[in-house]
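The stops below are given as selections, in order.

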Amino acid sequence: MREGFPIAYRGMRIGILGGSFDPAHEGHAHITREAMRRFGLDRVWWMLSPGNPLKAQGPAPMAERMAEARRVMPDPRVVITDVEARLGTRYTAQTLRRLLALYPGVHFVWLMGADNLVQFDRWDNWRAIMQMVPVGVLARPGAQLAVRHARAARIYAAARLDAAQAKRLPEAPLPAWCFVQIPMSDLSSSAIRANGGWHGRI
């Protein structure tokens, strides 16, 4: 494996939580712990993006975001990685295609909050994402009802696993996705920035 890339072995079940993490906070840690438990994951990678194509303003420097993420989530099962920047990819579909080639036999699961499922059909090549990896969706405040009406959820209704089968998701035939209810946190990176609680941005 290339230097600086996370280590993973064939057969491992690895969740990927992507985002700017600007900054990382306890809400991220909470959904990560819930995802590991509900989906039976061996590891979760926090994949810090160089920048979100759906956001006009760029995030704080990568090194500062990674340092804060490690402070917030010291669990050894959670890997804080800048692999997307190392790959030079900009969109999730591109990144996943490269990761699947680099890590044959690893069972990746793309993790997202329910608020992201609502706008998932705006992502670049989002249907390809559904054909590449299973998607684990975790409840977020204010987004539960919207999940039922999300375009991606309607189109892939037949691919949805019941929450009782959540541990089957990492190795389920594609396409597959699963929505799970979890105790919710209303923390958000944007609120932390708005309240002056993150000085990482320069």
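**Stops along the chain**

Select Asn125, which sits in the loop between α5 (114–118) and α6 (126–132); helices (H or I, at least four residues) and strands (E, at least two) are DSSP runs, numbered from the N terminus. The model is predicted: local features need pLDDT of at least 70, side-chain atom pairs count only at pLDDT 80 or more, and totals for chains, interfaces and linings use all residues. Residues are numbered from 1 along each chain as its sequence is written, and side-chain values use heavy atoms, with hydrogens and water left out.

Asn125 has a positive phi of about 55° although it is not a glycine. Its relative accessibility is 42%, so it counts as partly exposed (buried is under 20% relative accessible area, exposed over 50%, partly exposed in between; 1.4 Å probe, protein chains only).

Next, select Phe21, in the loop between β1 and α1. Its phi is near 50°, again positive in a residue other than glycine. Phe21 is buried, with a relative accessible area of 4%. In the loop between β1 and α1, also pick Pro23; the peptide bond from Asp22 to Pro23 is cis, with omega near 5°.

Now select strand β1 (residues 13–19), where five of the seven residues are buried. β1 pairs in the parallel sense with β4 (residues 107–113) over five bridges (pairing requires at least two DSSP bridges between two strands). Within β4, Phe108 is the bridge partner of Ile14.

Last, select Pro175, in the loop between β6 (160–161) and β7 (177–180). The bond from Leu174 to Pro175 is cis, with omega near -5°.
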